[in-house]
Amino acid sequence: MSEAAAPRVRVLVSWSSGKDSAWMLHRLRQAGELEIAGLLTTTTETGGEERVAMHRVRRSILRAQAAAAGLPLQEILLPDPCTEEAYASAMQGFVEGALARGITHVAFGDLFLEEVRRYR
């Protein structure tokens with residue numbers, strides 16, 4: 001009898017809607033070692049319209065990207081402007097919920113931003 005395969009690590013992909021996030025998603029899928037549970041992004045309301053916090057992409061485009069990737073979209077709505085305390089609180093609440101759903105990791109695609117990589 002063969003042993004049952006160990007469950008794969010469940011990960012969310014931090015999705016800024018930009019090329020680095022798309023490249024990272026592509027590479028994770030190529031590797032095939034993780035279970036990609038969805039895309040995670042932060043949005044803010046700007047001028048009555050919610051947009052991706054990082055690149056200010058419209059929410060409709062963000063949703064189209066998630067649909068094209070075939071992955072569920074997890075959004076965290078942040079105030080604009082957003083204090084560090086508000087950001088930390090929103091992220092903590094989200095992470096606690098993700099852990100309860102068995103998601104243990106978040107993958108980030110900040111390829112050239114060393115200070116952001118250290119922060120995360």
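**Surroundings of Arg-10**

The backbone oxygen of Arg-101 lies 2.6 Å from a polar side-chain atom of Arg-10. The model is predicted, so local features need pLDDT of at least 70 and side-chain atom pairs count only at pLDDT 80 or more, while totals for chains, interfaces and linings use all residues. Residues are numbered from 1 along each chain as its sequence is written, and side-chain values use heavy atoms, with hydrogens and water left out.

The side chain of Arg-10 also makes a polar contact with that of Glu-35, at 3.2 Å. A polar contact is a pair of N or O atoms within 3.5 Å; within protein, one must be able to donate a hydrogen and the other to accept it, and residues adjacent in sequence count only if both atoms are side-chain atoms. Beyond its neighbours within four places in sequence, Arg-10 is in contact (heavy atoms within 4.5 Å) with residues including Ala-37, Gly-102 and Thr-104.

Arg-10 belongs to strand S1, residues 10-14. Helices (H or I, at least four residues) and strands (E, at least two) are DSSP runs, numbered from the N terminus. Arg-10 counts as partly exposed because its relative accessibility is 25%. Buried means under 20% relative accessible area, exposed over 50%, and partly exposed in between (1.4 Å probe, protein chains only). Of the 5 residues of S1, 4 are buried, so the strand is largely enclosed by the rest of the structure. S1 runs parallel to strand S5 (residues 105-107), and 3 bridges join them. Strands pair if DSSP finds at least two bridges between them. Val-11 has His-105 as its bridge partner in S5.
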